[in-house]
Amino acid sequence: MTKQNTKELVIKTARIIDNKKAEDIRVYDLGGLSSICDYIIIATATSAPHLESIEQEAGTELKADGVYKTNRDGGDTGTWRVSD
């Protein structure tokens, strides 16, 4: 995946979670600063069910484009989530 394709995917993901009413959405370009990722999206959910809904919608929408999550953490807490 090229850097431009990655950027487009990140923008699409931010729009998806915005449509699910995530709050305080921030996209950070870490290109050249991190050896593990080029971008990071940070957003706020208002509750555990809202968090689950945001992650599920992003996963479903991206899967339709052939993009699959490879990793997830924080699922048991209901207060935070990391998805790759």
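Where is the place of Asp24? Asp24 lies in strand 1, strands being DSSP runs of E of at least two residues and helices runs of H or I of at least four, both numbered from the N terminus. The model is predicted, so that local features need pLDDT of at least 70 and side-chain atom pairs count only at pLDDT 80 or more, whereas totals for chains, interfaces and linings use all residues. Residues are numbered from 1 along each chain as its sequence is written, and side-chain values use heavy atoms, with hydrogens and water left out.

Lys21 is found in the loop between helix 1 and strand 1 (23-29). Lys21 counts as exposed because its relative accessibility is 62%, and Asp24 counts as partly exposed at 49%; buried means under 20% relative accessible area, exposed over 50%, and partly exposed in between (1.4 Å probe, protein chains only).

The largest nonpolar core consists of seven residues, Leu9, Ile16, Ile17, Ala22, Ile54, Ala58 and Leu62. Helix 1 (3-19) and helix 2 (48-64) are the elements that give two or more residues to this core. Such a core is a set of buried Ala, Val, Leu, Ile, Met, Phe, Trp, Tyr and Cys residues joined through side-chain atoms within 4.5 Å.

Ile42, in strand 2 (residues 39-44), is partly exposed because its relative accessibility is 44%. Together with Tyr28 and Ile40, Ile42 makes a nonpolar surface patch of about 260 Å² (residues with over 30% relative accessible area and no salt bridge, nonpolar side chains of Val, Leu, Ile, Met, Phe, Trp and Tyr being joined within 5 Å and like charges within 9 Å; a salt bridge is a side-chain nitrogen of Lys or Arg within 4 Å of a carboxyl oxygen of Asp or Glu). Accessible areas come from the Shrake-Rupley method with a 1.4 Å probe, and for residues only the protein chains shown count as cover.
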